[in-house]
Amino acid sequence: MKKKIGVYVCECGPNIASKMHIDKILESVKSHNSEDVEIVPIKHKLLCSVQGKKFLEEDIKKQELTHLVVAACSPREHNTTFMNICKKSDLNPYLYKMINIREQVAWVIPDKEKATEKAIQYINGGISRVQYQGELFENKIDAIPDVLVIGGGISGIESALSLANEKRKVVLIEKTDKLGGNSVFYKKLLPRQGAEKDFIAKKIAEVTNNKNIKIHLETELEEILGFLGNFEVTLRNVNNKDNKIEIKIGATIVATGFQLSNPTSFKNVKYKESDEVYTSLEIEKMFSEKGKILLSSGSEPKTVALVHCVGKDEKKYCSQICCNYMMKIANYFKEQSKEIKVKEFYKDLCLPNKDDEKLFRDTEKNGVDFVRIKDIDIQGNEIKYTGINGKNEKTKFDMIVVAPPIEPKAGTKNLSQIIDIPLDEFGFFQEVHQTTNPTGTATDGVFIVGTAQGPKGISNSMLMSQAVSGKIKTQLIPGEKIIPEVKTSEILEAYCMGCKTCLEVCCFGAIYFDEIKGISRVNEALCRGCGNCIASCPSEAIRHKHFTSEQLFQEVIEILK
Amino acid sequence: MSKVIKIDINSKQGLLDFLEHLLSNNEISGVMSLRKINENGICDYGLITEVDDLKSIEPFAPVMPVNASHILSSITPAKKPIIAIIKPCELRGFVERVKRKQGSMKNIITVSYTCGGVLPLNTFQSDDNEKIVSEYFETIKGTDTPENVRPVCKACEHFIPMTADITISVFGNKDFNSKSCLMMNTEQAIKLSKSYKCEIVEKKMDDKLMDEILKKRKAGKEKLYKEIAITKDGLDEFVDIFGKCIGCHGCSRVCPICYCTLCDFESSNYDYKVDLIENELSQKDGLRLPPDTIFFQLGRLNHMSFSCIGCGQCEDVCPAGIPVSSIFKKVGESTAELFDYIPGKDVEEIIPVMMIKEQEFPEVGE
Amino acid sequence: MEKEFTPRITSFVCKWCTYTGADLAGIGRLQYPTSIIAMRVLCSSRIDPVFILKSYLKGADGILIGGCHPGDCHYETGNYYTRRRFMILKSIFDSLGLKSDRLRLSWISASEGGKFARVANEFTEKIKKIGPSDTKRNMFL
Amino acid sequence: MSEEKVLIMGSGLPGMRASLLLANAGKTVYLVEKLSNIGGDAIKNEESFPKLECSTCMVAPTQQEVLHHPKIKTMTLCKVEKITGKVGKFNVSIKKKARFVSETDCIGCDACFPPCPVSISNEWEENLIDKKAIFVPCPGSLPNVPMINTEHCLHINGKKKECKACVEACMFDAINLDDKDEMIDVEVGAIIIAIGSETYDVSTLSQFGYGNNPSVYTAMEFERLFSSNGPTKGELTLRKTEKEPKSVAIIHCVGREEQGYCSGICCMYSVKHAHFIKHKLPKTKIYNIHTDICVADKTYFNFVENFRDKETKLIYHSSMKDLKVEKNGNGLSVNYLSGLGAKEKLDVDMVILASAMVPGEENKEISEMIGIDLDNHGFFMTKKDMVGSVESSKEGIFIAGCAEGPKDIQTSVIQAEATVSGVMKIFE
Amino acid sequence: MANNGAKISFKNGLQNQMRDFLKECMKKGIFDAVVLPVRVPANDSYAWILMNDISIVDQANPIPPVMPVQGAKALKSLTRKGDGILKIATIMKPCEIRATIELAKLSQVNLENITLISYDCPGAIPMSIYNNLSDDMEIFYNDVVSENNFVSEKMKEVCGFCVDFSDVPDDLHFGFTGLENEVYIIPNTGKGNSVLEKLEMKSSENLSQWKKNVADIKKIKSKNRIDIYKQVQPTVDGLDNLQKTYEKCIGCHNCQSACPICYCRQCFFDSTASEQSANTLIDIAEKRGGIGFPRDKIMFQVGRMSHMSLSCVSCGQCMDACPVNIPVAKIFSFVSSKTQNTFEYRAGFSGDEPIPLKVYKDDELSKIHEIVKNAESDGSEHE
């Protein structure tokens, strides 16, 4: 069938018109006329104006165009505008190409002749390219709204609670035999001192009683396949690995949480050399179980040292919450008895939240000494340290509490392999983009929350959970389909040699391997269309649906004429 | 130091005896090796499963009808152990192919040897094959590479197998015809040899000797690169070299690295409408037909040069007699260098285009 | 016949950073030569070195690749691959005595309109110095 | 409710992020922005920490998406005047300031700027440069449509009624000098407040000599000074002298004591600034004068440590009140107390003040208008004693980003997405 | 074949005469461009060059001593996607013209705007010989042409028994067999005629003498042909011989890619379709005690015959490209002579003659019926 290509040049008022000879352009594009191609060159004062859009919409129909080239401003300004017009006048929007003769010609080239020349080159390139473009269609796919949450700590619980409802079921799995994670031991919560321990208890009760949340204790993930909206998951019992559950869900939330790193692993601590050196978590436990903090002898400590930032230099990250909870603990002692002398040794105070500084001031008021140090060494229950003033000191304490760094829960690495999400240099799960997408991962539909992503307090962990539920609620709407990217890659079976190069270079997990045929395949639901895989393929086995090599060559060669 | 099987018969017989033992005891299911297929010395690669047929093998024949890595690809992954007797560069070729999932090391026990080089097909397949071959083996008892081998062989520094399970000393081995030494480099190999009654000693390659060979090869390389050195500026030199290319793409078809079903450069991307050609003509005095002769060569370099193991197969089959492999070897070394990459050195090593480092080439891009 | 030599420079730029940068150059009315002709791809990693080759052999006097700064890629790691592929091609050019300075890779962010113009000008000047591509004349390619 | 609508106040990253999520889920979003352009403060940075990636590249796609989204009504130059009703049905009155330029007709060719006779200082560019009375804040700002400053436009303020220079210059009849403010009433089911924060007015702290001394900059000023699309096109030269600085002191925690909190991000961007300078002017000596180093994220510690001593000298000083910046010939000298308590002096030719983030001035007004609580700092407060919440003290109204308190981009984004969860719950 | 032609006599060489002829045509605008062999810069080969600049024509050699790329391939690359606007002429060897005609039938070449010119062909020197002593070969070949010696030993073997060295369905033909410093320009088609008319050349000369000369040479060549076929026949008689003949084959498929007729983008025998899994191969090996590689040598060769022999023009390119000197061309020529005879078809002799596999006649190949009948009766006997 004969191609009829409309070439619409927008004068953009004088912006383009005054900078080049529009008519010359219209004349020159006719050179593409041939027995199988007809060019319809038309100029318009301002295509993006209301009248302009209307004109274009009608003209496409009237002229029965098969392809459309619009030479105007930058596609960034109006690509969407004109694609919508194509849709309105039932021309497949992928049979249209926009040429930028304003920002990249009119506005950068003062010489009218030269500008015209360049515009012609551009437009010609577009014309010969558009002929090689093909129709593309959105294909909607069904999506399951249900969600799997891995980890029964506070982040996991919050995720489940904020997601579950009649239309969206949640499956919550927990490795251990009880919910709540580390937080169940906290006597009090940060940031505000008001919230009491039963805050967690309430949450646990809430989640257990929610009929839309199915909880599997002592259960772990065995296998997960799929992508946003369609995951097939196999769960298994921790103790009896053959005891399996298979479920279909639309999204997965990883909330595996943290553990305190073992202080003995750090050079400046001799932990447990004296019975009276404790980690912050041990103190929390003791306090919430016994209601008192006592020495192993059973008597109350007279002097207590709280040491911040133990092992920070080794781990190469700040755990963010230690300064805060160490002050909280300091106040535990003061509550217990004003007599207890409490010294806090710190290098830098990390008080990132607006209420933290107040806590610090109050703790000071409460009679807790704060000592800024350069270096510290804990020998049994004696502390050697160098103050910020350079002086070396040595003191004995009845009790020493250290704040070791938060580190990823044991088994994180293992899980990362099963679920195929990379870990960062510290062993936490790697978010897809730290600033703009801290809860997303390389696999669309798998999210990370709480301390699985990095050290943070309960409050921020819960916010993360809500953030993820915000995303899931807006992306997986019960009863609605999802529309994946249209401009994707595709693999030509006959030519693929299955070398997996494309699979390696794709960072969206959008390419999988067909073991039976021994070839790679594209998962269009995950493909973002960057085209990396195509350039990586030495053969002609992968093509981009909207940026085919052919199209680009046509453009190049035409432009080089 | 590695375990070495010593047998006091000439190397070929020794190896043969070992193989016969393994095959008859079903330690292995087959042997892939060069074999004589007629009286005038023609060899091809055979996968032999019968003890009696083993007699025909010519494990050390200085010829490469096909780069064996192609064949190994087609018979792997093997369900039962197979011994493959191949040249060092064929082994490296296979490793490169395995990296590209074009084959598997599973159940393949590789036997390779210090290689004196390969004779061009024509030289080898000539009527006085016998004479030529015996001269060849005479020469390589010493440390000199025979003059009549493939040009790249004279310049090859990797004549010692890199990842072979079993290594046999051939090049520079004066006792080649009296003793045979099989070096068992890997657990797999040692396991195999368990059941074989023989004297086993601890021994390693004669480094002094190898260095001497290496020195000579390095000199050979310099010589070769001098011959193909770029003297003219820009394209002209390249056109001089590849100007006579007839575009048969034989080089890519026999190349162990070129593994594509359809080569990009044979794809429809490069069929031009006549008006495009006519238009190009309007800017030039003349236009070559078929087009893209140089494009193909540069393109192929870009696709696989960093994996080029310099086996010389391409040069051998080139009907136009272009020094293809010499060029590829030279360019390949420069591209591989970028990533401190040595093709065929290690199956675990990832090919450069499959991975990235955030901190590299900081100078690029400004 | 040869009047003042105006080079033809095909340039492939990524949609997210460099193309936006180029637009910004326009909005700022910065001037750069007609020689630069920017082709928009979604990511610089789409740019198969073969395109560069093709352009070169089809008579482009220079080829400019533009992408996001390393680490900024809209597709996470795309431009790291671009960088590798570019290096491979460059070293091939070098070892064959082909003029690799006809090829240029630049990281230009969406806010660097100035840089785009600068690169365009510099590169054009450079190409002018080198002169027209020998591929234009040679009829044996 | 028939159609589900949401009001989002503030078009910074959090505002835009929330808008897109909700709009993609089919909700109608009214995105209200008081300025003439959207994008918030993030686009003012050349590169953002910790990945040092180009902010524009990071934000621009989102801006475009927002502007092109059929479900998002972007309302620039708008101010919420009145909110009544309750969750599920809030009645909102929005005052749209006259822009005098039609957003539908203007194509952003900038032809109207040159003829305008009036020059005024460009506060978006931290007053480092002038603009005309008809202007866009900076090249590339979106929507790419200028506005007219009513108090300086000679026609509008009546000083020169006949001046219609811009109108004549415009070929699209996009400019209408008789444009009037208008009131727009909308009904929404939920409200998200994401109006961000402001920075501490350091001129009130005489000890730093800001204002008297042109070589003393605020962090924000520096961001623009460094930006390649900024007033100097990224050239690092001091105002007045127009020379490149040979030595720079960056002072952390400015206003921390006064405000009674740590802003959490200053250490990061201050070290980032040090890196910027080092990158552009490798010979420059750089000092970061700090108290506590606050690096509250897994990657932040390394960010600082990698630059310590290599690119900048981090100096601890023990007392803020003893820190003084004084004129010293053409340059400056920074006096401070060292960790040992000794008096120290640093001679530099540029000082950058990392000023605290403070509540926006309209916070109070808004809180009273809606009837929600502020905390004792003046930031919006989420539910009392409620850990991990983004809901204000009034149901159906949510807080995201720095309106709730100082924080980095990623936490702001997280909060924004969290508010979306809350909003969606309301519509369930 | 036309009976009359125009006669030109020349002093300094046939090649010059032909060049002048073309230049004249280009000046007169009869042709916009020509495709001719030009010696590559390194002087060690020829390349087909499409040229529209008359000055370049002087660099070209219309009768090159070698055939590096079969001309049909050049025309294919030019017109596979349809005809253009330029009127293009080309001078090629008869076998190249015939291959072109075959490709045209397979829609790989579009002859709309192409004028095919050929000449009495003295043959081509094998590449391998020309490569190294190209300059000597140039001189030698010049003599061959000027002495118009059509039976030189130095040529490709196929040329030695090429009976069609002169008769070829070209538009224009330079006939000089047995003539001295003279050449007939013979228009075989309307295209050809119109060219001569435009040049105001009368094609009135009677060609009978020249035809006789051609016929004489033909006699010699057809004798060689018979001898060669006699030689070849036993070497390919039965599987064993076939195997023996091809035992050297390394499966590089150069023959296929050098062949002008093999036009597939993806040869079936290189495709995944004809691949066998590792395990099948090993099983086969175990059954037979051993197998040789590359596999399917015979499969490939015979398969190619079945695909292509009907169109084989015996240009000998395959043999030239074979790295192990298998007489591929001779065998192919032998086989195709048989296959083509079965359909009384001669590859590339007339554009109108359809390729036998594209058509059928209901009253043909009666032999088959007998074969089938016998087969059936055999079957019945066994019952």
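**Cavities and contacts**

Mentor: Four elements each supply at least two residues of the lining of the largest cavity: α11 (274-283), β9 (286-289) and α12 (293-304) of chain B, together with α2 (49-57) of chain C. Helices (H or I, at least four residues) and strands (E, at least two) are DSSP runs, numbered from the N terminus. This is a predicted model, where local features need pLDDT of at least 70, side-chain atom pairs count only at pLDDT 80 or more, and totals for chains, interfaces and linings use all residues. Residues are numbered from 1 along each chain as its sequence is written, chains are lettered from A and ligands numbered from 1 in the order in which they are written, and side-chain values use heavy atoms, with hydrogens and water left out.

Trainee: Which residues lie nearest the centre of the largest cavity?

Mentor: E280(B), P291(B), D292(B), K58(C) and L141(C), out of 19 lining residues. A cavity here is a set of points on a 1 Å grid over the protein atoms alone, where a 1.4 Å probe fits but cannot get out; lining residues have an atom within 4 Å of a point.

Trainee: How much space lies in the largest cavity?

Mentor: About 200 Å³. Grid points are joined across faces, edges and corners, and the volume is the space filled by probe spheres set on the points.

Trainee: And what classes of residue make up the lining?

Mentor: Eleven nonpolar, two polar and six charged. Ala, Val, Leu, Ile, Met, Phe, Trp, Tyr, Cys and Pro count as nonpolar, Asp, Glu, Lys and Arg as charged, and the others, Gly among them, as polar.

Trainee: What volume does the second largest cavity have?

Mentor: About 160 Å³. It is lined by 17 residues, with T56(D), P139(D), G140(D), S141(D) and N229(D) closest to its centre. The lining divides into nine nonpolar, six polar and two charged residues.

Trainee: New topic. How many residues does the contact take from chain A and from chain D?

Mentor: 69 from chain A and 67 from chain D. Contact means heavy atoms within 4.5 Å. The area buried between the two chains is about 5600 Å², and carbon and sulfur atoms give 56% of that. Buried area is the accessible area (1.4 Å probe) that two parts lose on being put together, summed over both.

Trainee: How many salt bridges between chain A and chain D?

Mentor: Six. A salt bridge is a side-chain nitrogen of Lys or Arg within 4 Å of a carboxyl oxygen of Asp or Glu. R372(A) forms one with D292(D), the closest N and O atoms being 2.4 Å apart.

Trainee: Is H249(B) buried or exposed?

Mentor: Buried, at 12% relative accessible area. The cut-offs are under 20% for buried, over 50% for exposed, and partly exposed in between (1.4 Å probe, protein chains only). H249(B) is in the loop between α9 (235-242) and α10 (250-254) of chain B. Leaving out residues up to four places away in sequence, H249(B) touches F265(B), E266(B) and F296(B).

Trainee: Backbone next. What joins T76(B) and P77(B)?

Mentor: A cis peptide bond, with omega about -5°. P77(B) is in the loop between α2 (68-75) and β4 (82-85) of chain B. Chain D has a cis peptide bond joining L142(D) and P143(D), with omega about -5°.

Trainee: What about phi of K233(D)?

Mentor: Positive, about 55°, although K233(D) is not a glycine. K233(D) is exposed, at 51% relative accessible area.

Technical notes: On a 1 Å grid over the protein atoms alone, a cavity is a set of points where a 1.4 Å probe fits but cannot get out, and a pocket is an open set with protein on both sides within 12 Å along at least five of seven lines; lining residues have an atom within 4 Å of a point.
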